Amino acid sequence: MTRSALMLSRRRFLASATATAVSTAVLARPLRATAQTAPRALRYPELIDATQSRRITLTAAPGRSDFDAMTDVATAGFNAAYLGPVLRLSRGETEIALENAMAEEISAHWHGLIVPGEVDGGPHQPVAPGTTWKVVLPIAQDPAPLWFHSHIHGRTGPQVYAGLAGMMQIADGRDGERGLPTAHGVDDLPIILQDKRFDDTGEAVYNPSMHDRMMGFLGNAMVVNGQVGATAVVPPGLIRLRLLNGSNARIYDLHMRSGQPLMMIASDGGFLPAPVALDRLLLGPGERAEVLIDLTGAPGDSLLSGMVDNSMMGIGIGEPFEVLPFVTDASLGAGVDRLPEVLGGTLPSFDTAGTILRRIALDTGGMGGGMMSGMMGHGPHGINGRAYEMDRIDFTLKQGEVQRWRIEALSMMHPFHVHGVQFQVLSENGAPPAPRNLGWKDTVLVSGMAEIAMRFVAPAPDHAPYMYHCHILEHEDGGMMGQFAVS
Ligand code: C2O
Ligand code: CU
Ligand code: CU
C-alpha cells in the first residue's frame, strides 16, 4: 500500500467513525495517523530576496497539490501550485508585477504593510484574468513579518483557502547583529499554519455550510507550508519560527510539548524590545508572531496547539494536537546558541488624551442580536449593524491624527484587522493587554472588548479606501467588514 493510499483508508475509517467532519475534535485524528508513517522533511517556500533587485514578478495561477499525503487537490498559488514565495523587501521602493493567470479576478493585498490605499491591493484593486497589475510599494517601516493574499470582496475565503497567500518579510539586513538565526529554511523558518478539511476521498473542497459561514470554516487536518504530517529537520540550536496563521478560521493555542517557553521576538508589526517568554501563544487568523525555540542538546520537540472552541469562546479545550514536530540533525551545523538579550524594537505608546472613541461592534448574524434585517440582503454578518458595501465609505479620517477604537466581540472571538496601519492594543476587557499583544499589531484577537490606538500616515482616497474587518474569512466575505478613507 502506498503512503497516500494508507492515509486515505485511515481517513475513510475516520470519516465513517464520525457523523460529520465539522467537530474540532476530528482534527487530532489524521495527525496521529500521519505520525505512524515515516517522517518527511518539512519544505519551505522559495525566498525571493528583492532587497537589491527591487523588483518581483508574481503569477497567480491554478495548480494541483497533494499536500504530501492526500490525493490530488485543485489549488492555486503565486509562482507555485499552492501558496507563494517568501517576499523579502526593505525600505525604499519595490516594483511588483502581478500577473493573473486565474480564470477569475484576484488581488494581492499586502497585509500589514503601511502603504497608500491605491496600492494596498484590497477589493478596490482587482486584477482581471489575463491582465497584469504593476505596482510600486513605497516601503517605510521597520522589519516585520507580514503576508500577502488575495482580497476580492466575497471571494477572499475561497481564494485564500485555495492557496493565494504568501509570506512577506520587511528586512534591514541586521538580524545577524541582533543575534538572530538567519539561514532561510535551516534555522530561520517560515511556518504557514493552515487547516484543511479533507473528505473521505481525499478532496479538500471549500464548501462552507450555513454553520461554517456562521462559525468559520474549520479543517480536520493540520497543514504546514502546504504539507500534512511533515517534520522540521533543524540544527541543534536556537530555531526561529516565523509563524503565520493563514487559516480561514482556526485559532491556535501554541505551546511546546517539552514545556519550554516560546520566546517571542516579534509581533505583527515588528520586533519587540527584548524576547518575551510565553508558555502559550494564542494566534488568530491573520496574526503573525516570531518566536525562538531552543533545541540545543535535544533530539527533538514538538509544536502543539490546544483546541479552541470559538462558539464557546473556550481555549485549550480537550487534548492538544500536533502542529509540527522537530528533529535535530547536527550535520546542519551550529547556528545561534545564545538567546539575544535585546532586539532593538519599540513598543507602541500613543498619547490618547483628548481623542474620540470610535465604537466598532462586530456582529455575528443570528447570535447576540447582531442580525439586523437590513443586513440580510448582503450577508449574515456586519459591523455596527451594517454589512460591508463596496460603494459606501463608512467614515473618513484625518491623516496624522491619533485614533482610538473600541472593538466589541461579544458572542465570539474575532481577529480584528485594520489596513494601512500598525496599532497599539491599549487594553483588553479593561485590563492591560496580554503580553503577546504589547508590540505593534495590525490584527488582534478580540474576546469581549479591546481598545486600540493608531495613527494613519498614508492616504487612502474614496476610490481606494482601507478595509477594517474580521479575519475569519467567512465573516469577512459575509459582510463583517467596513472601509474608510484617510485624507
Ligand atoms: Cu489580511 Cu484585509 O486582510
Ligand atoms: Cu490587511
Ligand atoms: Cu469574526
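Contact here means heavy atoms within 4.5 Å.

## Residue N310

In this predicted model, N310 makes contacts beyond its neighbours within four places in sequence, and the partners are M215, I251, M412, M413 and I472. N310 is located in the loop that joins strand 21 (300-309) to strand 22 (314-328).

N310 counts as buried because its relative accessibility is 10%, and buried means under 20%. A polar atom of the N310 side chain lies 2.7 Å from the backbone nitrogen of M413. M413 is also one of the residues in contact with N310.

## Residue T59

T59 belongs to strand 3, which covers residues 55-65. With a relative accessibility of 22%, T59 counts as partly exposed, the class between under 20% and over 50%.

When neighbours within four places in sequence are left aside, T59 is in contact with G77, F78, N79, E99 and A101. The C-alpha atoms of T59 and L98 are 5.8 Å apart, although 39 residues separate the two in sequence.

## The chain as a whole

The protein chain contains 5 helices and 30 strands. It has 487 residues, of which 60% count as buried.

Among contacts in the protein chain with a separation of 6 or more, 77% are between residues 24 or more positions apart. The chain exposes about 17,500 Å², and carbon and sulfur atoms supply 54% of that area.

Note on methods:
Residues are numbered from 1 along each chain as its sequence is written. Chains are lettered from A and ligands numbered from 1 in the order in which they are written. This is a predicted model: local features need pLDDT of at least 70, side-chain atom pairs count only at pLDDT 80 or more; totals for chains, interfaces and linings use all residues. Side-chain values use heavy atoms; hydrogens and water are left out. Helices (H or I, at least four residues) and strands (E, at least two) are DSSP runs, numbered from the N terminus. Buried means under 20% relative accessible area, exposed over 50%, partly exposed in between (1.4 Å probe, protein chains only). A polar contact is a pair of N or O atoms within 3.5 Å; within protein, one must be able to donate a hydrogen and the other to accept it, and residues adjacent in sequence count only if both atoms are side-chain atoms. Accessible areas come from the Shrake-Rupley method with a 1.4 Å probe; for residues, only the protein chains shown count as cover.
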